[in-house]
Amino acid sequence: MSEKIFMKGCEAVAETAVRAGCRFFAGYPITPQNDVPEYFARRMPQVGGVFIQGESEVASSNMAYGAAAAGVRSMTSSSSCGISLKSEAISWMAGARLPVVVANFQRGGPGIGTIQPAQQDYTQATKASGNGGFKMLVLSPSTLQEAVDMTWQAFELADKYSNPVLLLMDGFTGTMMEPVELPEALSDEQVAAIRATKTWAATGKKGGPQHKVMCGPGLDTRISQEQMNIRDGKMYEEWKTTEVEYEDYMTEDAEVILTAYGISGRIAKSAVGILRAEGIKAGLIRPKKVYPFPDEAYEKLNFDTLKGIVCAEMAIPAQFAVDVENVVHGRTKIATALSSGGEILDRSAIVEAARALCGK
Amino acid sequence: MERSFIIAGFGGQGVMVMGQLLSYTACETTEKFVTYFPSYGAEMRGGTANCYVVISDDPVGAPKVSQADYVVALNDPSMARFKDAVAPGGTIFVNSSVVTIEEDREDVHVVKVDAGTIAYELGNLKVLNLVMVGAIIGYTEVLPAENVLQTAFKKLGAKRPELNPINEAAFKRGYAIGKAAKEGK
């Protein structure tokens with residue numbers, strides 16, 4: 001690993017993408033993720049990659065879709081209402097089973113929403129980022145080091161499953177700065193080798209026996225719609241055993257569990273120590289991937305001794321807490337600590353909710 | 001140990017530079033953990049700009065806190081907005097050249113720094129933020145003074161090396177005020 005560098009979240013994600021071999025980025029400006037396209041605009045020419053600012057979100061996400069079809073590691077990013085516009089192409093990527101990394105730096109909503117940080121897109125991200133019932137692996141970092149690691153991982157996973165992957169960030173992790181250690185960049189040879197493995201890619205005839213053309217979803221005569229849905233459904237099911245990822249912190253003896261993801265995850269984690277100092281045995285469950293949801297983390301809890309779970313998120317009404325409720329299924333009390341409208345979840349709200357569950 | 005700062009002032013007073021100077025010093029010259037979060041929004045000219053910095057021996061949990069250990073107020077609107085955001089026992093650093101609002105809480109300390117006047121005396125009003133950084137370091141000792149100065153030379157001196165001497169003078173004037181306030185506490 002290299003030395004630690006003090007970086008802004010948006011730039012750390014973009015730089016890691018370049019190092020992971022991303023050679024195509026198309027985007028359209030929207031706060032709070034403008035530092036992503038700005039960084040790529042400067043960086044892509046240095047590595048022989050392509051940066052395009054499309055005429056709209058719809059255009060830029062379709063460009064990312066096209067670049068992936070040509071076998072290039074491809075990315076697009078936006079924020080909340082911009083992701084809604086990109087959802088048409090995201091669904092097409094999933095339909096065509098193309099590897100694209102999509103990043104959402106969440107802001108307020110619904111509608112255009114405030115430009116301040118939020119976690120209002122959880123349900124959209126994990127349940128339906130477009131039509132047709134497809135799924136994506138959804139990675140959500142709490143720290144900027146994790147944002148770096150997960151950006152790298154997102155490209156690997158996108159290629160592994162040949163499917164879009166969603167990096168679920170927020171305006172806070174996008175604009176804050178924190179020290180990070182960046183991975184060593186893939187060499188041009190390594191980038192070319194990855195592309196060469198994609199024998200399905202539409203690269204034209206180039207002296208080969210036939211033209212290679214990517215078919216859009218539903219247009220491929222070699223596979224029926226139902227066969228395709230069954231095939232994809234099987235992959236989504238497999239993820240529930242192979243792709244679950246979460247942090248489990250001081251849960252063994254816990255009487256109260258704090259649970260949160262993304263930026264709220266690190267805030268909740270710091271509340272554990274405060275509660276422990278007061279004599280309340282708190283623990284933390286922090287999904288690193290919010291899809292597939294880590295059911296097993298909650299299933300492992302001892303519900304006989306547990307006094308309750310506090311779900312913390314920057315969304316009103318709660319969205320993440322619904323998934324927790326679905327797993328817990330009435331076996332313990334669930335409380336929420338929520339914020340929205342750009343107000344960062346305050347640690348004290350989580351601490352108070354935990355105290356209340358413990359009758360203190 | 002974790003120490004949190006809210007730094008606020010007019011856009012153009014060097015608020016973000018102050019936060020970044022502390023943060024870069026922590027990241028590049030110490031083993032400490034650090035986070036920096038700038039407020040951004042539909043700020044109007046003449047509005048307030050502010051940033052949050054947390055410097056800690058352990059990984060930082062909340063990069064933005066509602067109750068900070070230290071508030072730095074460079075103008076009246078910032079003082080009005082953030083004076084109640086200091087935790088009990090905390091300290092407010094005030095640019096007393098322009099701030100007229102008084103803090104009447106008894107559970108917080110106030111360090112008045114005539115930063116605007118000092119910067120004016122030094123011949124460049126822009127260095128008022130370095131005066132304030134000096135005062136913060138002299139008072140809190142959150143980072144080694146020499147490291148902060150070296151980082152200032154490296155970051156600010158990269159484009160304007162001719163300003164290094166005045167930046168240093170500004171820092172040292174502030175540092176003396178911060179140190180004296182600490183000793184007189």
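1. In this predicted model, the count between chain B and chain A is one salt bridge. Its partners are Arg347(A) and Glu2(B), whose closest N and O atoms lie 4.0 Å apart; since a salt bridge is defined by a nitrogen within 4 Å of a carboxyl oxygen, the value should be read together with that cut-off.

2. Polar contacts between chain B and chain A come to six residue pairs, counted with both residues at pLDDT 80 or more. On the side of chain B that touches chain A, two elements of chain B, α1 (15–29) and β2 (33–38), each supply at least two residues. The residues on that side of chain B comprise 13 nonpolar, seven polar and four charged ones.

3. As for the extent of the interface, 24 residues of chain B are in contact with 22 residues of chain A, and the area buried between the two chains is about 1,800 Å², with carbon and sulfur atoms giving 60% of that area.

4. On the cysteines, a search of the whole structure finds zero disulfides over all chains. Cys22(A) is accordingly in no disulfide, the nearest cysteine sulfur being that of Cys10(A), 15 Å away, and Cys22(A) is buried, with a relative accessible area of 0%.

5. Cys358(A) is likewise in no disulfide, and for this residue the nearest cysteine sulfur is that of Cys311(A), at 14 Å. With a relative accessibility of 11%, Cys358(A) counts as buried, because the limit for that class is under 20% relative accessible area.

Note on methods
Residues numbered from 1 in each chain as written. Chains lettered and ligands numbered in written order. Predicted model: local features only at pLDDT ≥ 70, side-chain atom pairs only at ≥ 80, totals over all residues. Heavy atoms only, no water. Contact = heavy atoms within 4.5 Å. Buried area = accessible area lost by both parts, 1.4 Å probe. Salt bridge = Lys/Arg side-chain N within 4 Å of Asp/Glu carboxyl O. Polar contact = N/O pair within 3.5 Å; in protein donor to acceptor, adjacent residues only side chain to side chain. Helix = DSSP H or I, 4+ residues; strand = E, 2+ residues; numbered from the N terminus. Nonpolar A, V, L, I, M, F, W, Y, C, P; charged D, E, K, R; others polar. Disulfide = S-S within 2.5 Å. Buried < 20%, exposed > 50% of the residue type's maximum accessible area, 1.4 Å probe, protein only.
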